Amino acid sequence: MALDALESLLGERFTRSSAVRLAHGRGEAFHADMPPDAVVFPRSTAEVQAVVRLCAMQRVPLIAFGAGSSLEGNVAAVAGGVTLDLTAMDAILAVNDADMDCAVQPGVTREALNAHLRDAGLFFPIDPGANATIGGMVATRASGTNAVRYGTMRDNVLWLTVVTADGSVVRTARRARKSSAGYDLTRLFVGSEGTLGIVTEIGLRLHGQPEKIAAASVAFDSLDGAVRSVVEILQIGVPVARVEILDAAMVGAVNAYSKTGFAERPSLLFEFHGSEAGVREQAETVAMLTEANGGWGFEWALRTEDRNRLWAARHHAYHAAQGLRPGSRLIVTDVCVPIARLTECLVETHADIAAAGIVAPIVGHVGDGNFHVFLTVDPDNEAEIAQARELNDRLVARALAMDGTCTGEHGIGLGKQDKLVDELGSEAVALMRRIKQALDPHNILNPGKIFRFDQETSQ
């Protein structure tokens with residue numbers, strides 16, 4: 001059997017331990033636990049290739065696994081099979097200072113990569129909040145707090161090495177910054193959630209560390225004023241590096257969890273990158289615009305430790321939200337809309353939450369129109385869970401009506417498969433299925449994600 005062959009191949013790096021399997025069949029999403037039959041810990045492209053070939057012969061499902069946040073059930077083993085935990089593939093393979101790019105294995109975390117790059121005067125800007133693995137960030141096309149200036153993973157992945165469903169090893173591009181040679185295979189795999197191939201090496205675009213970095217927080221009397229400020233700041237071209245929004249409920253949660261002292265009002269958190277003069281000019285413009293929209297209490301965080309404390313508080317929003325209702329579970333959802341519709345979408349969503357009576361703080365990467373809602377629910381209260389899911393349905397419908405997307409960065413996974421059809425239409429999703437079938441005809445790569453498992457196997 002394939003599992004016995006994998007155990008012979010990997011020895012102690014193969015396990016059927018129930019605790020390990022359970023840990024790899026769940027994430028931070030509100031979905032049932034779906035553990036695999038076994039977990040393996042490969043260390044190289046060659047080992048991944050060997051695992052895929054063994055499993056392909058007997059059509060055993062394979063699920064790639066990184067840090068495991070899995071906010072839409074992305075790593076659940078719907079059909080059992082084998083989870084490839086890629087965290088042991090954590091080597092930084094090359095850093096090309098002059099070209100400002102690097103090559104890493106998928107288990108490298110963004111924090112480890114930036115620690116390695118610090119002395120070279122370079123950094124990798126994509127910051128989804130958690131200390132995610134680069135492979136996981138590729139799989140979900142992650143973005144985060146710096147996306148307003150530096151883009152998303154789609155913009156910062158240069159090439160990939162991928163093991164396909166038949167065990168072939170494919171390099172999707174060279175290191176050149178642009179190419180018109182054939183199909184853009186790199187972009188095909190970025191965001192595919194492990195359904196088209198197992199990524200084993202990643203080429204990344206890097207950026208120079210800014211001369212000056214400053215952060216600031218601003219409170220507002222209304223959510224509307226905060227969002228309008230962001231829209232105006234972007235429309236006049238202020239090159240802010242980060243701009244995050246927290247509604248009053250989230251500010252209160254963050255204060256309680258991280259022991260911060262923010263005014264419990266809708267708030268914006270900013271970061272500015274550039275020269276000394278450039279950062280000062282950006283900050284002065286932002287202060288003027290926010291004040292005109294009801295902003296007050298503009299507070300600087302200039303020292304590195306102060307900036308780190310501010311962003312750590314923001315990054316702990318998930319646990320802070322959960323702390324508002326001890327014993328609760330979170331249904332975490334995100335949408336993204338065009339900037340011009342952001343004020344309308346956020347304000348309507350906030351009113352919908354208030355009318356529903358659900359504790360659901362909001363935080364968002366408003367610089368690119370993306371925000372998250374943390375719906376706190378009693379896991380034993382079916383009526384409350386149903387109400388929260390209905391609120392999520394209305395949120396997605398609202399975003400789609402504004403020509404937005406059902407997910408800005410969490411992916412489709414299990415949770416938003418119907419929403420994908422609502423967003424792109426049945427013909428576009430059918431085309432995606434045909435791509436999946438062409439690259440993975442036996443449906444062994446993360447089956448049941450993006451498309452329903454029964455739909456995939458009936459094709």
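A cavity is a set of points, on a 1 Å grid over the protein atoms alone, where a 1.4 Å probe fits but cannot get out; a pocket is an open set with protein on both sides within 12 Å along at least five of seven lines, and lining residues have an atom within 4 Å of a point. Grid points are joined across faces, edges and corners, and a volume is the space filled by probe spheres set on the points.

This is a predicted model, in which local features need pLDDT of at least 70 and side-chain atom pairs count only at pLDDT 80 or more, while totals for chains, interfaces and linings use all residues. Residues are numbered from 1 along each chain as its sequence is written, and side-chain values use heavy atoms, with hydrogens and water left out.

**Cavity and pocket**

The structure holds one cavity of 30 Å³ or more, and about 60 Å³ of space lies in the largest cavity. Among the residues that line the largest cavity are Ser217, Leu246, Phe262, Ser267 and Arg314. Helix H10 (248-258), S14 and helix H12 (304-315) each give two or more residues to this lining, and H12 gives the most, with three residues. Helices (H or I, at least four residues) and strands (E, at least two) are DSSP runs, numbered from the N terminus.

The second largest pocket has a volume of about 900 Å³. Of the 37 residues that line the second largest pocket, Arg141, Val190, Gly191, Thr405 and Thr407 lie nearest its centre.

The table gives both linings by class. Ala, Val, Leu, Ile, Met, Phe, Trp, Tyr, Cys and Pro count as nonpolar, Asp, Glu, Lys and Arg as charged, and the others, Gly among them, as polar.

| Lining | Residues by class |
|---|---|
| Largest cavity | seven nonpolar, two polar and one charged residues |
| Second largest pocket | 15 nonpolar, 13 polar and nine charged residues |

**Strands**

Strand S12 (residues 212-220) is mostly covered, with seven of its nine residues buried. Buried means under 20% relative accessible area, exposed over 50%, and partly exposed in between (1.4 Å probe, protein chains only). S12 runs antiparallel to strand S14 (residues 267-274), joined by eight bridges, and antiparallel to strand S15 (residues 295-301), joined by five. Two strands pair if DSSP finds at least two bridges between them. Lys212 stands opposite Gly274 in S14, and Ala216 has Trp300 in S15 as its bridge partner.

Strand S18 (residues 370-377) is largely enclosed by the rest of the structure, because eight of its eight residues are buried. Strand S16 (residues 329-336) pairs with S18 in the antiparallel sense over eight bridges. Strand S17 (residues 362-365) also runs antiparallel to S18, with four bridges. In the hairpin of S17 and S18, four residues lie between the strands, and Gly369 takes a positive phi near 80 degrees.

**Two buried residues**

Asp101 is found in strand S6 (residues 101-104) and is buried, with a relative accessible area of 3%. The side chain of Asp101 makes polar contacts with the side chains of Asn96 (2.5 Å) and Arg175 (3.2 Å). A polar contact is a pair of N or O atoms within 3.5 Å; within protein, one must be able to donate a hydrogen and the other to accept it, and residues adjacent in sequence count only if both atoms are side-chain atoms.

Thr290 is found in helix H11 (residues 276-292) and counts as buried at 1% relative accessibility. Not counting residues up to four places away in sequence, Thr290 touches residues including Val218, Phe220, Ile233 and Phe298. Contact means heavy atoms within 4.5 Å.
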